[in-house]
Amino acid sequence: AGGKAGGTKFVAEGMLFKLATDPTIGNRYLYGGVAANLDFSAKAAAQELKGTNSFYSFFLAERIPIQVPLQTIVDYRGFRLVAMPVLPLSQSQLIYGSNDAGRHVYNSDPAFDRYMQRAGQHLHLARHSVMGTMLNTGGDVEGHVVHVQKAGGGGGAVAVDLHCGKGPQNREGEDGKGRESGGERQEEKKGYCKSYYLLDLGRWAPPESPLDTQHLPPSESSVFYRMLRPEFLTRHCKQSTKVPALSSDTFSRWGMHQQRQHQDNLRDATRILCGNVIDAAANTLLLSIRNKSVSGSTATISETESQSSSPSSSPSSPSCSRSGPSSPRSPSSRSRPSSPRSPPPLKSSRSSSSSSSSLMKNKDSASGDEDDAILYNVPQSVFDHKSLKWPDTLDVAALMHKHGIPIRHLKLLWDHPKLYEEKKPET
């Protein structure tokens, strides 16, 4: 199943495996260009699983008798494989799409075409011309039909399809009022029916417009692995913004017909994604993190100490306990939530006290106002390199958890060399 873009294929233990590789097209690599890029090929392989899940969910909800292969992704030591069972397609007929890089493109089964149009409407995919043939997905998505024996039809050992005799294509038309052609009725008389399969869904979705994602690393082949998610297509393009249906073959040689129109539609959708949807999601996430941070900062000290010393927490070094010349708090203060403090003036220097509650304010720090404000409430013990086993992230995370520091600041704390009076030891 699939051409070069699907990777290296082999069969083992009755399973078909597709190893994500970067094949050569002429004198260049498909995904990496001048050099092979397994990261891009792995991203492209993941698109097949997304497409399979999207179509399967729709077919199941609408009781459409098209089967998609059960599959999973296996990542092992830097390599990615797509694993699926071997489908009974040895006697199948290609009725939709192309399996020879566009030299021949098919859409020859009216019932299958109607199902694909319904799926395209649900997923907001534009019906477009590929080499003169109208499709609702990328041109190299394949649809197959197998004529299988109906259950109870007698005869030899023939694979039986559970959809036989149950799907609308054998009883009624799409509107439920009319029967299919006489050819299908003749096949039913012979004891056989059609079994439909949809596979090689790596390019089922429209890509992001490369002209409007210049903030990402440039790539000649990004249209093969940077795809729009189905949630964005159905929720934002279809319902919220009323963007016209999008072609899966935009910005590729498969989509030369009405190229400008499809490119303009896709550019509009990509601008909405980058300018509105991602910003709104980021703001929602930041608000959620801030709310959790505030609730964490108002937790009682006794609760944080019990959490840090619980068996489920990371092992604590002696430095994880509060110590130093500062006087212990009274029991009443332990039961009261501690209110967050406001950042001091930017030019104030750090206290010389070695107490674990002293603030990390280095007068020589050039981290900027934003970092300065974030690090204001960080205790000295978090940055005491003598009490940490660098680069043991678990120790740092345990201290951050105990002192109510949001874990999102871990990288900032880790990469801030001027917060230490001495350099971290060499590892």
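A disulfide is a pair of cysteine sulfur atoms within 2.5 Å, and the structure holds 0 of them. Welcome to this predicted model, in which local features need pLDDT of at least 70, side-chain atom pairs count only at pLDDT 80 or more, and totals for chains, interfaces and linings use all residues. Residues are numbered from 1 along each chain as its sequence is written, and side-chain values use heavy atoms, with hydrogens and water left out.

**View 1. Two cysteines, Cys 237 and Cys 274.** Let us start with accessibility: buried means under 20% relative accessible area, exposed over 50%, and partly exposed in between, using a 1.4 Å probe and protein chains only. Cys 237 is buried, at 1% relative accessibility. Cys 274, with a relative accessible area of 24%, is partly exposed.

**View 2. The open sheet of 5 strands.** Helices (H or I, at least four residues) and strands (E, at least two) are DSSP runs, numbered from the N terminus. Two strands pair if DSSP finds at least two bridges between them. Here the strand order is E5-E13-E12-E8-E9, and the pairing is mixed. Strand E5 (66-67) and strand E9 (106-107) stand at the edges with a single partner strand each, so one side of each has no neighbour in the sheet. E5 pairs with strand E13 (residues 192-199) in the parallel sense over 2 bridges, and Ile 66 stands opposite Tyr 196 in E13.

**View 3. Strand E12 and its partners.** Of the 8 residues of E12, 7 are buried, so this strand is largely enclosed by the rest of the structure. With E13 it pairs in the antiparallel sense over 8 bridges; His 147 stands opposite Lys 194 in E13. E8 and E12 are also paired in the antiparallel sense, over 3 bridges, and Tyr 96 stands opposite Gly 143 in E12.

**View 4. The open sheet of 4 strands.** In this sheet the order is E1-E2-E7-E6, with antiparallel pairing. Strand E1 (8-12) and strand E6 (72-76) are the edge strands, each pairing on one side only. Axes are lines fitted to C-alpha atoms, for helices over the stretch in contact, and angles run from 0 to 180 degrees between N-to-C directions. Neighbouring strands of this sheet are turned by 30° against each other on average, direction ignored. E6 is joined to strand E7 (residues 79-85) by 5 bridges in an antiparallel run, where Val 74 has Leu 81 of E7 as its bridge partner. Helix H1 (residues 38-62) lies across strand E2 (15-19), E6 and E7, at about 25° to E7.

**View 5. Helix H2 meets helix H4.** The axes of H2 (residues 110-123) and H4 (residues 230-240) come within 8 Å and cross at roughly 75°. That makes H2 roughly perpendicular to H4, a term used for angles of 65 to 115 degrees (under 35 is roughly parallel, over 145 roughly antiparallel and the rest oblique). Contact means heavy atoms within 4.5 Å. On the H2 side, the contact is made by Gln 121, His 122 and Leu 123, and on the H4 side by Leu 233, Thr 234 and Lys 238.

**View 6. Gly 120 in helix H2.** Gly 120 is found in H2 and is buried, with a relative accessible area of 3%. Leaving aside neighbours within four places in sequence, Gly 120 is in contact with Leu 125 and Asn 136. Leu 135 is 15 residues from Gly 120 in sequence and 9.3 Å away in space, C-alpha to C-alpha.
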